[in-house]
Amino acid sequence: MKKLLLTTMMAAGLALSGQAAATPFYLDLSDDSVVNPRGAIDGLGLQYDSVSEVNTATGEIVSRGGIGLIGYTFNGSMAGFTDLSDLVLSDDGAIANTFTYDPEPNNLGVDGSTLPTVVVTALTFDFELDGILNPGGDSVTYTGGVLDIYSYQYSYDFFTPDVVTVDNGSAELLVQSEFSTSSINLGEQVIESLITEVSLTPAGQEVFYFQDSSGNFVSFQDYITATLTDILLYASQTVTVGELADNIANPIDSDGDTVLISDNHAVTVEFRVPEPSTVAVLSLGLISMFGFSRRRRK
């Protein structure tokens with residue numbers, strides 16, 4: 001099953017999501033207090049594995065991927081990953097289940113201050129979505145869940161870069177979005193989720209940025225506060241006719257009416273706003289001048 005092709009987009013307000021256009025963004029994955037990204041990023045890429053539990057009697061489905069699969073069991077057996085290393089390293093030692101950058105800013109998140117040991121801060125993810133199979137059993141309408149972004153660290157020796165060591169205790173939640181809605185478009189499954197002012201953790205507030213017309217970096221948190229709007233997380237999953245139904249008919253495990261299916265996926269991630277971010281963030285000055293504030297959600 002081509003399960004969640006996460007194309008993450010940003011928009012100021014759910015109602016404006018259809019007007020959004022891709023907006024370049026910046027990442028600061030360093031340990032210092034200065035925003036110093038290597039350059040604008042148009043999108044993130046991701047290759048990842050997922051599993052889904054499907055109740056064949058009711059049509060209910062729960063899809064999972066990323067951090068949440070660490071320690072995951074089904075029918076009494078391990079069906080996920082044993083630890084963070086198991087999640088982000090493939091059998092041949094290559095990095096897996098980790099976001100890549102498009103275009104690739106050189107050395108983003110790389111700390112060479114402890115040479116010959118090089119420490120890298122990277123981004124991974126977590127999602128758990130609840131839904132129901134649509135008539136025909138080959139697509140899903142999701143009804144709830146979360147889509148999250150995490151950081152983690154791995155290291156390697158400068159002289160042997162192919163040998164990677166993952167810090168199993170380094171996973172840190174940056175963004176936790178709140179499920180909003182899902183729908184089916186031609187050839188794709190759409191998931192929409194909101195990033196609110198309480199969705200970004202203290203660590204996450206120092207990672208994601210836009211750039212205003214003066215060249216100043218504005219964090220996602222400041223953008224939300226200034227515009228008084230939430231950020232829309234837009235996730236699209238390609239739908240291949242017959243694939244989901246075939247996986248359900250040939251599961252990897254079963255427990256009564258519930259079957260377990262799995263697949264790997266290719267993902268593109270973008271952030272979007274309804275107007276160019278260089279225009280939108282100009283309101284920061286006005287917000288500060290008049291002392292506007294936004295009531296935090298319960």
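This is a tour of a predicted model, stop by stop, with what to select at each one.

**Whole chain**

The protein has 5 helices and 19 strands. Switch to colouring by accessibility: of the 298 residues, 49% are buried. Among contacts in the protein with a separation of 6 or more, 70% are between residues 24 or more positions apart.

**The largest nonpolar core**

Select Leu27, Leu123 and Phe208 and show their side chains. The largest nonpolar core has 45 residues, and these three touch the most other members. Next, select residues 117-133, which form strand 9. Strand 9 gives the most to this core, with 5 residues. In soluble globular proteins, nonpolar side chains tend to be buried together.

Now centre the view on Phe208. Which residues is Phe208 in contact with, leaving aside its neighbours within four places in sequence? The list runs through Tyr26, Leu27, Leu123, Ile149, Leu174, Val175, Val218, Ser219, Phe220 and Phe271. Both Leu27 and Leu123 from the previous selection are on that list.

Go to residues 60-66, which make up strand 4, and pick out Arg64. Is Arg64 buried or exposed? Its relative accessibility is 16%, and because buried means under 20%, Arg64 counts as buried.

**The largest pocket**

Select Phe99, Thr100, Tyr101, Glu104 and Tyr154. Of the 21 residues that line the largest pocket, these lie nearest its centre. The space in this pocket comes to about 330 Å³. Which strands each supply at least two residues of the lining? They are strand 3 (43-55), strand 7 (100-102), strand 9 and strand 10 (140-157). Colour the lining by residue class to see 12 nonpolar, 8 polar and 1 charged residue.

Pro103 sits in the loop between strand 7 and strand 8, the latter at residues 110-111.

Then select Leu115 and Pro116. Here too the peptide bond is cis, and omega is near 15°. Pro116 belongs to the loop between strand 8 and strand 9.

**Two asparagines with positive phi**

Return to the loop between strand 7 and strand 8 and select Asn107. Asn107 is not a glycine, yet its phi is positive, at about 60°. With 49% relative accessibility, Asn107 counts as partly exposed.

Finish at Asn75, in the loop between strand 5 (73-74) and strand 6 (77-78). Asn75 also has a positive phi without being a glycine, in this case about 55°. Its relative accessible area is 40%, which means that Asn75 is partly exposed.

Note on methods: Residues are numbered from 1 along each chain as its sequence is written. This is a predicted model: local features need pLDDT of at least 70, side-chain atom pairs count only at pLDDT 80 or more; totals for chains, interfaces and linings use all residues. Side-chain values use heavy atoms; hydrogens and water are left out. Helices (H or I, at least four residues) and strands (E, at least two) are DSSP runs, numbered from the N terminus. Buried means under 20% relative accessible area, exposed over 50%, partly exposed in between (1.4 Å probe, protein chains only). A nonpolar core is a set of buried Ala, Val, Leu, Ile, Met, Phe, Trp, Tyr and Cys residues joined through side-chain atoms within 4.5 Å. Contact means heavy atoms within 4.5 Å. On a 1 Å grid over the protein atoms alone, a cavity is a set of points where a 1.4 Å probe fits but cannot get out, and a pocket is an open set with protein on both sides within 12 Å along at least five of seven lines; lining residues have an atom within 4 Å of a point. Grid points are joined across faces, edges and corners, and a volume is the space filled by probe spheres set on the points. Ala, Val, Leu, Ile, Met, Phe, Trp, Tyr, Cys and Pro count as nonpolar, Asp, Glu, Lys and Arg as charged, and the others, Gly among them, as polar.
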